[in-house]
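Here is a short tour of one protein model, written for reading alongside the sequence and the 3D view. Please keep both open as you go.

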Amino acid sequence: MSKGKQFLDRWKTDYDFKTVTGASGSLAMTVVFALYNGFLGVLHSSLWYGTICVYYIMLTGLRGVIIAARKRLAPADGREDAGNKAYLLAAALLLLLNLSLVIPVSLMVRQQKPVSLTLIPAIAMAAYTTCKVIMASINLKRRNRSADSLIRLLRTIGFIDALVSILVLQNTLIMVNTNGDDGEMLPLTAITSAAVMVAVLLLSAAAIIKGIARAKNRK
């Protein structure tokens, strides 16, 4: 059997392997997305895009750490306690990272974004965000197929990644269609931003609560 056939067979039957492989592949896409936002930040002297760039780079690093931790703490090694500690640490870091979103979200709500973009970045962002949200939603629903807590956390991070990309798309569309001083957009921006922030923080907090409950059950 060829290696390609073995890979495809395992991809179809091993959910954990599929998750880790998919997460590894998405790291490159997230880095490109982060660098794109960084480019816009430098080009237009935009603090909004600069902070989003930093957020995505840190989120990518957290994903990489989780993938590495899972390989090092394989279930076969019988180190479940260490695996749960790694999970709790990663979940705590995720919550702290998502709390930092307050900075770019406040900038967007206050419309401090002296940037004028064309329709092309908006279309590209919309296509990217749509694909990401659809895939992340499907994967989040299927995450309970795995008994591995780190695998489920990767799926949660993927969904959070998609939610934040909605904020980026919203900000881009506002800049394309307004001059940055349109007060009529403030209520809608505030509501949608708050909704995304609440969802992101609830997912992060829920991950920590589950990890603590799992640790107590093992005692």
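## A buried aspartate and its partner

Asp 148 counts as buried because its relative accessible area is 13%, where buried means under 20%, exposed over 50% and partly exposed in between (1.4 Å probe, protein chains only).

## About the model

The model is predicted, so to speak of local features pLDDT must be at least 70, and side-chain atom pairs count only at pLDDT 80 or more, while totals for chains, interfaces and linings use all residues. Residues are numbered from 1 along each chain as its sequence is written, and side-chain values use heavy atoms, with hydrogens and water left out.

## The overall fold

The protein chain has 8 helices and 0 strands; these are DSSP runs numbered from the N terminus, with helices being H or I of at least four residues and strands E of at least two. Of its 219 residues, 45% count as buried.

Ile 66 and Ala 23 are 43 residues apart in sequence, and their C-alpha atoms are 10.0 Å apart in space.

## A salt-bridge network

The count of salt bridges comes to 3. Which residues are linked in a network of them? They are Arg 63, Lys 132 and Asp 161.

Asp 161 pairs with Arg 63, the closest N and O atoms being 3.1 Å apart. This link joins distant parts of the chain, with Asp 161 in helix 7 and Arg 63 in helix 3 (residues 47-72), 98 residues apart. Asp 161 also forms a salt bridge with Lys 132, where the closest N and O atoms are 2.8 Å apart. Lys 132 belongs to helix 6 and Asp 161 to helix 7, so that pair ties together parts 29 residues apart in sequence.

Are these residues buried or exposed? Asp 161 is buried, with a relative accessible area of 1%. Arg 63 counts as buried at 6%, and Lys 132 is buried too.

## The largest pocket

About 560 Å³ of space lies in the largest pocket. A pocket is found on a 1 Å grid over the protein atoms alone, as an open set of points where a 1.4 Å probe fits, with protein on both sides within 12 Å along at least five of seven lines; lining residues have an atom within 4 Å of a point. Of the 23 lining residues, Gly 22, Ser 26, Met 135, Asn 139 and Arg 155 are the closest to the centre.

Helix 2 (15-44), helix 6 (119-142) and helix 7 (149-177) each supply at least two residues of this lining.

## A nonpolar surface patch

Leu 89, Leu 93, Leu 96 and Leu 99 form a nonpolar patch on the surface, together exposing about 390 Å² of accessible area. Such a patch is built from residues with over 30% relative accessible area and no salt bridge, nonpolar side chains (Val, Leu, Ile, Met, Phe, Trp, Tyr) being joined within 5 Å. Leu 99 lies in helix 4 (residues 80-99) and is partly exposed, at 42% relative accessible area.

Technical notes:
Patch = residues over 30% accessible without salt bridge, like charges linked within 9 Å, V, L, I, M, F, W, Y side chains within 5 Å. Areas by Shrake-Rupley, 256 points an atom, 1.4 Å probe, with all protein chains shown as cover. Salt bridge = Lys/Arg side-chain N within 4 Å of Asp/Glu carboxyl O. Points joined across faces, edges and corners; volume = space filled by probe spheres on them.
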